[in-house]
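Subject: Structure for you to look at

Hello,

Please find the structure below. My notes on what was found in it follow.

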Amino acid sequence: MLEAFLLFLVVVSGTGGEICVTRAMKSVGEVDDFRPLAVARVISHALKVSWMWIGVSMMALAFFSLLAVLSIENVSFVVPITALNYAAGALGGKFFLGERVTPRRWAGVLIVCVGVTLVWLGKR
Amino acid sequence: MTSSHKLHLKTYAMLLIMVLFAPLGNVFLGKGMKNVGSAVSWSPSQLLHILSLVLKSGYIWLGIACLLTFFVAYLLILSWADYSYVQPTSSITLLVVALLGYFYLGERIAPLHWAGIIVICLGVFVVGNTPPRTTGAGAD
């Protein structure tokens, strides 16, 4: 039960955090210059966007939940299960970020979910 | 070089960094947390004790460094590519994690478990051929 709760936190908080971070990075704009100083400037710009801080806080909660569940379960079980955030991510991308998720992408996400189910059953 | 070609090139370069560093980070965290052990109770003193062990673990710090590298690549790619493209495509990391868990950590992985990971990767390939951007300027 505890393991399931921690995995739930990893998935929901992690996905929510990533969506907020994406929103922040989209407002920063496309990056074309990859020199260290330019990258540092982009990151410093991103840190001024409030969505970035909300996202990072949620990702921190997901990170500590991940550490907790890794103390109980094998990494080769935990990490594939967290692939459930692909389904949550496609939904979030569509409804929160306004991305056009094509039928092909939905099909891919569905296959990923079937794979996660097999991993879960393989452990039981 | 066309702008579309350049877009794909920098997308694949960032994906490669993500695919290498995310699994390494997770495996180091897993190894570190197995050394630390799980909490016997959820009392504040027990959690503080666990936290102090976590902060002293070299594997945990190594894992955090790898995940930070992954995160920077992730931030950069998200500035131009769709989240719903990047996230499934980077799930190839799941296969790399399982391989590292099996060979490096000696974890037992059942055939059904392997099948599940392969099905997940199949899902990744289905998603991988969709355009990386569907919003804003330059959408394919």
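B:Ile77 touches B:Thr11, B:Met14 and B:Val86, leaving aside residues up to four places away in sequence. Touching, or being in contact, is defined here by C-beta atoms, placed from the backbone, that lie within 7 Å of each other. B:Ile77 and B:Leu78 are the residues with the most contacts inside the largest nonpolar core, which has 72 residues. Helix H1 of chain B, residues 3–36, gives the most to this core, with eleven residues. A nonpolar core is a set of buried Ala, Val, Leu, Ile, Met, Phe, Trp, Tyr and Cys residues joined through C-beta atoms within 7 Å. A residue is buried if 20 or more other C-beta atoms lie within 10 Å of its own, exposed if 12 or fewer, and partly exposed in between, with C-beta atoms placed from the backbone. As background, nonpolar side chains in soluble globular proteins tend to be buried together.

This is a predicted model, in which local features need pLDDT of at least 70 and side-chain atom pairs count only at pLDDT 80 or more, while totals for chains, interfaces and linings use all residues. Residues are numbered from 1 along each chain as its sequence is written, and chains are lettered from A and ligands numbered from 1 in the order in which they are written.

On confidence, the model scores ipTM 0.73 and pTM 0.74. Chain B averages a pLDDT of 82 (the predictor's confidence in each residue, from 0 to 100), and 84% of its residues score at least 70.

Now the two chains. Chain A has six helices and zero strands, and chain B also has six helices and zero strands. Helices (H or I, at least four residues) and strands (E, at least two) are DSSP runs, numbered from the N terminus. Of the 124 residues of chain A, 49% count as buried; of the 140 residues of chain B, 41% do. Among contacts with a separation of 6 or more, residues 24 or more positions apart account for 78% in chain A and 79% in chain B.

Where do the chains meet? The contact takes 46 residues from chain A and 44 residues from chain B. On the side of chain A that touches chain B, the largest share, 15 residues, comes from H6(A). By class, that side has 26 nonpolar, twelve polar and eight charged residues. Here Ala, Val, Leu, Ile, Met, Phe, Trp, Tyr, Cys and Pro count as nonpolar, Asp, Glu, Lys and Arg as charged, and the others, Gly among them, as polar.

A:Asn74 is found in the loop between H3 and H4 of chain A. Why does A:Asn74 count as buried? Because A:Asn74 has 20 C-beta neighbours inside 10 Å. Leaving aside residues up to four places away in sequence, A:Asn74 touches B:Gly101 and B:Glu107.

The buried residues of H5(A) are A:Asn85, A:Tyr86, A:Gly89, A:Ala90, A:Gly92 and A:Gly93. They cover an arc of only 165 degrees around the axis, so they lie on the same side of H5(A). The arc is that of the directions from the helix axis to the C-beta atoms. H1(A) has 27 residues and reaches 38 Å from its first C-alpha to its last, close to the expected 39 Å; the expected span is 1.5 Å times one less than the number of residues. Just after H1(A), A:Gly29 takes a positive phi of about 105 degrees.

Regards

Definitions and conventions:
Two residues are in contact if their C-beta atoms, placed from the backbone, lie within 7 Å.
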